[in-house]
Amino acid sequence: MHEYHKAVEWVNRANEEAAARGAAKVKALNVVFGECSDYSPEVVKNYFDEAAAGTACEGAEFHVTVSRSMLKCPQCGKLFEKKLLEYRCPDCGAEGNPTESGNEVELTSIEV
Ligand SMILES: [Zn+2]
């Protein structure tokens, strides 16, 4: 059900922003899904369409960006992309720590 809550949150935020900009319609939402988040963009979109019916968001599209999972090296501070079964820093070989990148689910902007 977390997808449902996210969808409702985004409908509300986009409607508020459209109203604040004096727009009658929301054309599209630019959203980011981390590749490691447990959200499905398709499921969020389905709930979004339901929640958006009859509001300024009705018929709005999702422009989805998938963010890559990044690790941070505890020794040298390097930020690097996590690869399958590979967690080591390419510079110094220390095991990287997880970061927020790759887990986020965010509405970054709307187009009206
Ligand atoms: Zn390092």
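**Close-up views of a predicted model**

**View 1. The contact of α1 with α2.** Glu 3, Tyr 4, Ala 7, Val 8, Trp 10 and Val 11 of α1 meet Val 43, Val 44, Tyr 47, Phe 48, Ala 51 and Ala 52 of α2 (contact: heavy atoms within 4.5 Å; helices: DSSP runs of H or I, at least four residues; strands: runs of E, at least two; both numbered from the N terminus). The residues of this contact comprise eleven nonpolar, no polar and one charged (nonpolar: Ala, Val, Leu, Ile, Met, Phe, Trp, Tyr, Cys and Pro; charged: Asp, Glu, Lys and Arg; polar: the others, Gly among them). The model is predicted: local features need pLDDT of at least 70, side-chain atom pairs count only at pLDDT 80 or more, and totals for chains, interfaces and linings use all residues. Residues are numbered from 1 along each chain as its sequence is written, and side-chain values use heavy atoms, with hydrogens and water left out.

**View 2. The open sheet.** Three strands in the order β2-β1-β6 form an open sheet with mixed pairing (strands pair if DSSP finds at least two bridges between them). Because β2 (61–67) and β6 (105–111) are at the edges with a single partner strand each, one side of each has no neighbour in the sheet.

**View 3. Pairing of β1 with β6.** Strand β1 (residues 28–34) pairs with β6 in the antiparallel sense over six bridges. Val 32 lies opposite Glu 106 in β6.

**View 4. Helices on the sheet.** Helix α1 (residues 2–20) packs on the sheet and touches β1, β2 and β6. Helix α2 (residues 41–52) also packs on the sheet, touching β1 and β2.

Conventions:
Axes are lines fitted to C-alpha atoms, for helices over the stretch in contact, and angles run from 0 to 180 degrees between N-to-C directions.
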